[in-house]
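The following note collects points on the fold, its cores and selected residues. Please read it alongside the coordinates.

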Amino acid sequence: MIAGTSTGAIIALALATGVPAADILALYRERGGEIFPRKRQFGVFAPAYKTGVLARELDVMFGARLFGDVATRLCIPSADGRHGDVAVFKTPHHPDFRKDWSMRITDVALASSAAPTFLRVHQAGGYQFIDGGVWANNPVMVGIVDALSCYDISPRQIRVLSIGAGAVKPVLGAGPLAFGGALGWLHRGMLIESMMHYSARNADGQAGLLIGRDRLVRIEPQGRAASIHMTDHAQASALLPAEAERAVSEFESQLAPLLVADRAPPRFSYGPAGTPEVGDVG
C-alpha cells in the first residue's frame with residue numbers, strides 16, 4: 001500500500017500506474033520550473049501559481065486512466081471545502097470503497113495537491129478539494145489505520161517506509177512573537193510551515209507508538225536540503241539528488257527488509273481490476 005499527500009500523491013499515483021521512478025524524477029527536474037516558475041511564499045488576492053501547467057503534465061502522464069485502474073493499493077488524502085470534511089481517495093481494496101475508483105487519476109492528483117494560496121481549489125464530482133497537507137501532510141497514519149481496518153493483521157505485522165519532503169523547524173521569529181496577528185504569522189509562511197511541521201511530527205510519533213519504532217523507517221532531507229521552500233525548483237534540483245544518495249547509503253540496511261520484489265497483486269472489489277470475490281479481501 002502507498003499513501004501519499006500532495007506531491008507525494010503524484011508520486012504514489014505514478015508508481016501505482018507503473019511509471020518508472022526515473023520518469024517521475026524527470027517530471028520534477030524538467031517541468032518543475034514551469035509548474036513553479038518563481039519562488040513565492042503565497043498568493044494574497046489569488047493563488048500564486050496557475051494550475052494549467054501541472055494539469056497538462058498529469059494528463060500526459062496518466063491520460064484518461066481511472067483511479068481503480070492501478071496495480072497497488074492507494075490512500076490519497078485531500079479535504080473537501082464544500083462540506084468541511086476530510087477526504088481520502090482509496091482504491092477499491094475493500095468492498096466498502098465503492099466510489100473513488102471511477103475518478104480520473106489526474107483529478108485525484110490535483111485534488112490532493114491544491115495547496116491553499118499556491119494553487120486553485122480543484123473542483124470534481126460536485127466537491128471542492130484542497131491539499132491533503134492541511135491535515136495529513138505526513139500520511140503515515142492514514143495508511144496504517146486503513147491497513148488495520150481492512151485486513152486481519154496486527155500492528156506488529158506492518159512495516160513502513162515513510163519519506164518526507166523536508167521542513168524547517170518553525171522556530172518563532174519576530175513576526176509571531178512581536179505582533180501575534182495574521183501579518184506576523186504569515187511572514188515567511190510561518191503559519192503554513194508550522195501547521196505542516198507539527199502535523200507531520202505528530203503522525204510520525206503516533207505511528208511509532210502503534211507499530212513500534214523499529215518497524216518505521218522515516219527519511220527526510222537534512223541540513224540545507226531541509227530548508228528548501230516547496231516552490232524553489234532551482235534549489236531542489238541543486239541539493240536534493242545528493243541528499244537522496246546520502247539517505248539511501250545511511251538507511252541501506254533498514255531498507256532491505258522493505259524491498260520485496262515478489263508481492264501478490266491486490267484484489268479489488270470494483271472497477272477495471274475488480275474480482276468476483278467481493279467478500280474476500282484477506
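Which residue in strand 7 is the bridge partner of Ile163? The partner is Ile219; the setting of this pair is taken up in point 2.

1. Basis and overall content. The model is predicted, so local features are given only at pLDDT of at least 70 and side-chain atom pairs only at pLDDT 80 or more, whereas totals for chains, interfaces and linings use all residues. Residues are numbered from 1 along each chain as its sequence is written, and side-chain values use heavy atoms, without hydrogens and water. The protein has 11 helices and seven strands; these are DSSP runs numbered from the N terminus (helices H or I, at least four residues; strands E, at least two). Of its 282 residues, 41% count as buried, where buried means under 20% relative accessible area, exposed over 50% and partly exposed in between (1.4 Å probe, protein chains only). Among contacts (heavy atoms within 4.5 Å) with a separation of 6 or more, 68% are between residues 24 or more positions apart.

2. Strands 6 and 7. These two strands run parallel and are joined by four bridges; strands are taken to pair if DSSP finds at least two bridges between them.

3. Helix 10. The 18 residues of this helix (residues 233–250) should span 26 Å, and the end C-alpha atoms are 25 Å apart, which agrees; the expected span is 1.5 Å times one less than the number of residues. A kink of about 35 degrees lies at Leu240, shortly before Pro241, the bend being the angle between axes fitted to the seven residues ending at a position and the seven starting there. Leu239, Glu243 and Ala247 are buried. An α-helix has 3.6 residues a turn, so residues three or four places apart point the same way. The buried residues of helix 10 pack against strand 7 (216–219).

4. Nonpolar cores. A core here is a set of buried Ala, Val, Leu, Ile, Met, Phe, Trp, Tyr and Cys residues joined through side-chain atoms within 4.5 Å. The largest has 34 residues, and Leu13, Leu74, Ile76 and Phe89 have the most contacts inside it. Elements that each supply at least two of its residues include helix 2 (21–35), strand 2 (74–80) and strand 3 (85–90). Helix 1 gives the most, with six residues. A second, separate core of 10 residues includes Met141, Ile144, Ile158 and Val160. Both Met141 and Ile144 are among the buried residues of helix 6, in which eight of 11 residues are buried.

5. Phe89 and the aromatic cluster. Beyond four places in sequence, Phe89 is in contact with residues including Phe67, Leu74, Ile76, Met103 and Phe129. Ring pairs link Phe89, Tyr127 and Phe129 into a cluster; rings pair if their centres lie within 6.5 Å. A search of the whole structure finds two aromatic pairs.

6. Ile130, in strand 5 (residues 127–131), counts as partly exposed because its relative accessibility is 22%. Its C-alpha atom is separated by 6.4 Å from that of Asp80, 50 residues apart along the chain. Ser6 lies in the loop between strand 1 (2–3) and helix 1, has a positive phi near 60 degrees although it is not glycine, and counts as buried at 17% relative accessibility.

How values were computed:
Rings of Phe, Tyr and Trp (its six-membered ring) pair if their centres lie within 6.5 Å; planes under 30 degrees apart count as stacked, over 60 as edge-to-face and the rest as tilted.
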